[in-house]
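Please look over the sequence and the model first, then read the notes by topic.

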Amino acid sequence: VSGQERWNLLSTLNIPEATRSIGIKYRNTGGPYGLMAEIKDGAKVLSVSDGSWKCSNRPHGGWEKPGFKGRFPAAVYTRQQGSFNKQMGEWRTMSPNRKVLWTAGGGRDKSIFCRKELDGGRRAAAIKAAHATYTKYNGLYVAHFKKFQAYNTQYTTSSKAVVTVTGHYNAWVKKANEAAANANKVAAAHKTAVTNYNTASAACTKKLADLKKAVDAQAAKQKVYVDQNKSYLAKANGYKAQMAAAQKTQATHKAQRAAAEKSYKDALAKRTAALAAYKKLAQG
């Protein structure tokens, strides 16, 4: 680091924005002793050497690393504050709030090891904000996805109802058509019987009576099938109304599902973008 060759030169060092801790090894070669420091972001002073720093005369294992848990005593202010706080030399531009630090051993400690825990700076704040944004849109995504699932279930249920009612309608229409076909067959047979009756009546009264009975029987059968046809048509029309109502419900649920799906996809897109931003910031 530039400035370490002489005691009255200011040493400077650029550190990454996400730095979590700073470790400084200081050696006194004679004369006044003390450590002054300040951490800046451009012209803004973020921290200065003060009682939050910790200094030791021994380099405990890992003392310079983030999250160090060893026993490192708090730094003390030296009696030489006045000498170093004079606005002189290259440190005259430093914050006036800085303190001159050392260990409790004073001049007996020729080498000291000081550390300062940092909060991670603006990057940590950006990561926290990105995570908050991700959490927000993830919540929206989950809510809209649940709505989509609910409307999709309703749509599926109404679709099944439409299929069921349509099946009933088709079945009764089929029966009605069969009854109509039977009625037509009987009508044709009836016509034939009438013709036979008219032909035979001239030849034989007994034959005429027999044929009349046959005509009456066929007419009775025809009436039965005609009545069945009317009944089947009435039932089919009833199911037709139910089918129309079910189709209307299906259309409503389909529109609701489409709206829920759109909200779900919008929330998913925002969640994906927020997650990407969060990962990008978190990975540095």
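A171 has 37% relative accessibility and therefore counts as partly exposed (buried means under 20% relative accessible area, exposed over 50%, and partly exposed in between, with a 1.4 Å probe and protein chains only). A171 lies in helix α2, residues 121–201 (helices are DSSP runs of H or I with at least four residues, strands are runs of E with at least two, and both are numbered from the N terminus). This is a predicted model, in which local features need pLDDT of at least 70, side-chain atom pairs count only at pLDDT 80 or more, and totals for chains, interfaces and linings use all residues. Residues are numbered from 1 along each chain as its sequence is written, and side-chain values use heavy atoms, with hydrogens and water left out.

**The chain as a whole**

- The chain has three helices and seven strands, and from the N terminus on its elements run β-β-β-β-β-α-β-β-α-α.
- The chain has 284 residues, of which 25% count as buried.
- The accessible surface of the chain comes to about 18500 Å², and 55% of this belongs to carbon and sulfur atoms (areas come from the Shrake-Rupley method with a 1.4 Å probe, and for residues only the protein chains shown count as cover).
- Among contacts in the chain with a separation of 6 or more, 75% are between residues 24 or more positions apart (contact means heavy atoms within 4.5 Å).
- The C-alpha atoms of A171 and Y232 are separated by 9.5 Å, while the two residues are 61 residues apart along the chain.

**The three-stranded sheet**

- Three strands make an open sheet in the order β1-β7-β4, with antiparallel pairing (two strands pair if DSSP finds at least two bridges between them).
- β1 (21–27) and β4 stand at the edges with a single partner strand each, so one side of each has no neighbour in the sheet.
- From one strand to the next, the twist averages 20° (axes are lines fitted to C-alpha atoms, for helices over the stretch in contact, and angles run from 0 to 180 degrees between N-to-C directions).
- β4 and β7 run antiparallel and are joined by three bridges.
- In β7, F113 stands opposite S56.

**The disulfide**

- A disulfide is a covalent bond between the sulfur atoms of two cysteines.
- The count comes to one disulfide, by the rule that a pair of cysteine sulfur atoms lies within 2.5 Å.
- C55 and C114 form this disulfide, with their sulfur atoms 2.0 Å apart.
- The pair links distant parts of the chain, since C55 is in strand β4 (residues 54–56) and C114 in strand β7 (residues 111–117), 59 residues apart.
- The torsion about the S-S bond of C55 and C114 is about 115°, so the disulfide is right-handed.
- Both C55 and C114 are buried.

- Strand β2 (residues 38–41) pairs with strand β3 (residues 44–48) in the antiparallel sense over four bridges.
- I39 has S47 in β3 as its bridge partner.
- The hairpin of β2 and β3 has two residues between the strands, and G42 takes a positive phi near 70° there.
- S49 lies in the loop between β3 and β4, and S49 counts as buried because its relative accessibility is 0%.
- A polar atom of the S49 side chain lies 2.6 Å from the backbone oxygen of K99.
- Leaving aside neighbours within four places in sequence, S49 is in contact with residues including L35, M36, N97 and L101.

Terms used
Polar contact = N/O pair within 3.5 Å; in protein donor to acceptor, adjacent residues only side chain to side chain.
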